[in-house]
Amino acid sequence: MRMHRYAMFPLLLAAACAQPAPTPPPEGEKSVFLEDTGGSAKGDLGPPQGEPIQAVLTHAPEVPPPITRKTPAKVIVDLEVKEVELPIAEGVNYMFWTFGGKVPGQFIRVRQGDTVEFHLKNHPDSKMPHNIDLHAVTGPGGGAASSFTAPGHKSQFTFKALNRGLYVYHCAVAPVGMHVANGMYGLILVEPPEGLPKVDREMYVMQGDFYTVGKYREKGLQPFDMQKAIDENATYVVFNGSEGALVGDNALKAKVGETVRMYIGNGGPNLISSFHVIGEIFDKVYPEGGSRFQENVQTTLVPAGGAAWAEFKLEVPGTYVLVDHSLFRAFNKGALGMLKVDGPEDKTVYTGKEVDEIYLGDKVSDPAPVGVAAKSRKAGELTLEEQVAAGKVLYQGTCSACHRDNGEGVPGAFPPLAKADYLAKMSQEQLIVAILNGLEGEITVNGTVYNSVMPPQSHLADEDIANILTYVLNSWGNAGGQISVEQVKAIRAKTPRAVGAGH
């Protein structure tokens, strides 16, 4: 019988290389991870003491409180698998498979040397069996071999947390990639016996890539696309399970002068994260969730199935933007979040003005009108006003950087859309083709010659194109009109794809 690779791991080769002596911490600073930890050989700190403890689990971005006890304990973890339909973007739903009802799974926090009694429950409404592979486990499959759980059943196994560090956990039922791609991952922190240095705030951020049959932001319930996943062609790359999980009212929050510890995971299943916070430098990064830190880091790689944590102090207020610095993922697939910092300014550190209303586009706008328009269109009740409101939001994220929020363009560079005679002369079909395939070369708008490039925007969903054009036609003194999704769909089908255009 052929065994799945998660049911039996090959033996690891022992490394025999001598390690250099660790660098001592600066005077007055304690670093719990600079000493030689000895790995799992020093992780058995004896039997649990005292009464069993029920683990506190939290949903992202929250983190359970630090562990203050000084002895190993028996810690009981109860985690439930649920298959739930949730938004992945405004107006777009996905059937997520989850640990705890949300993506990522609940954060687990234990202490090195703890004995962990793990209870995995699979909700009766689930359609699939599931299990759990915790990278913090020393044992076959990281617990996966002992936790195969059918719907309506529960499993139990016990392990000793021998290695300190930050570890990913995920489902490992075949096809493993599909279970992970549907959101089945989270983080478990194994604290050192002496605890971690105190910080003001701790935050939980986890990246994942998702593969839907529909295009990016195509509305409605979107099924999983196995071929896209095999091809590693992600439709969405997001933090904490959805495009809007860490923006607007959901943004992370902190204050000037505070020190932040950010636990960063990457569920994958395919893509490596180049994690970056725009406007901050990580004072310390513990790469791969391990025991040694690097200092003054701008961007840190977090592999699929891996983790890291970063510590940094906040000196000035403002909105700091979290991105995967593989930037098309941030601005075209959703890997973008915000950390909003309140407090007094320090002009000696930073004096500039904020421009994130342009840089971030629709990520800082209220996305609700997009969902309202999608719902009304599906019911056959879409009004012009609803379509214009949705188009305004989408325009701000797609077109305003060049054509400006007021449609006046940039003199000498990008033509105006406001009262533009060039637009007035175009048919609705020509407008749609221009969005799909872009424009290049000289054009004359309101008596001025422009010679710039508008890249193809065919990666946009049909509904988004219809809403944007309807907004433009009904704004800034233009003559009006309404573009339907059906028009865009029909014209896309008969329009040859331009070189460099998206899917």
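Since the model is predicted, local features need pLDDT of at least 70 and side-chain atom pairs count only at pLDDT 80 or more, while totals for chains, interfaces and linings use all residues. Residues are numbered from 1 along each chain as its sequence is written, and side-chain values use heavy atoms, with hydrogens and water left out.

Helices (H or I, at least four residues) and strands (E, at least two) are DSSP runs, numbered from the N terminus. Helix α6 covers residues 384-398, 15 residues in total. From its first C-alpha to its last it reaches 20 Å, close to the expected 21 Å; that expected span is 1.5 Å times one less than the number of residues. Gln 387, Val 388, Ala 390, Gly 391, Val 393, Leu 394, Tyr 395 and Gln 396 are the buried residues of α6. Buried here means under 20% relative accessible area, exposed means over 50%, and partly exposed is in between (1.4 Å probe, protein chains only). In an α-helix there are 3.6 residues a turn, so residues three or four places apart point the same way. The buried residues of α6 pack against α5 (368-378), α7 (400-403) and α10 (462-473), with contact meaning heavy atoms within 4.5 Å.

Strands β22 (residues 439-445) and β23 (residues 448-454) run antiparallel and are joined by seven bridges; two strands pair if DSSP finds at least two bridges between them.

Most residues other than glycine have a negative phi, and most peptide bonds are trans. Against that background, Glu 288 has a positive phi, near 60°. Glu 288 belongs to the loop between β16 (282-286) and β17 (294-297), and it counts as exposed because its relative accessibility is 61%. Arg 404 also has a positive phi, about 70°, and is found in the loop between α7 and α8 (421-424). At 33% relative accessibility, Arg 404 counts as partly exposed.

Then there are the cis peptide bonds. The one from Val 103 to Pro 104 has omega near 0°, and Pro 104 lies in the loop between β3 (92-99) and β4 (108-111). Another cis bond joins Gly 268 and Pro 269, with omega about 15°. Pro 269 is in the loop between β14 (259-268) and β15 (273-278).
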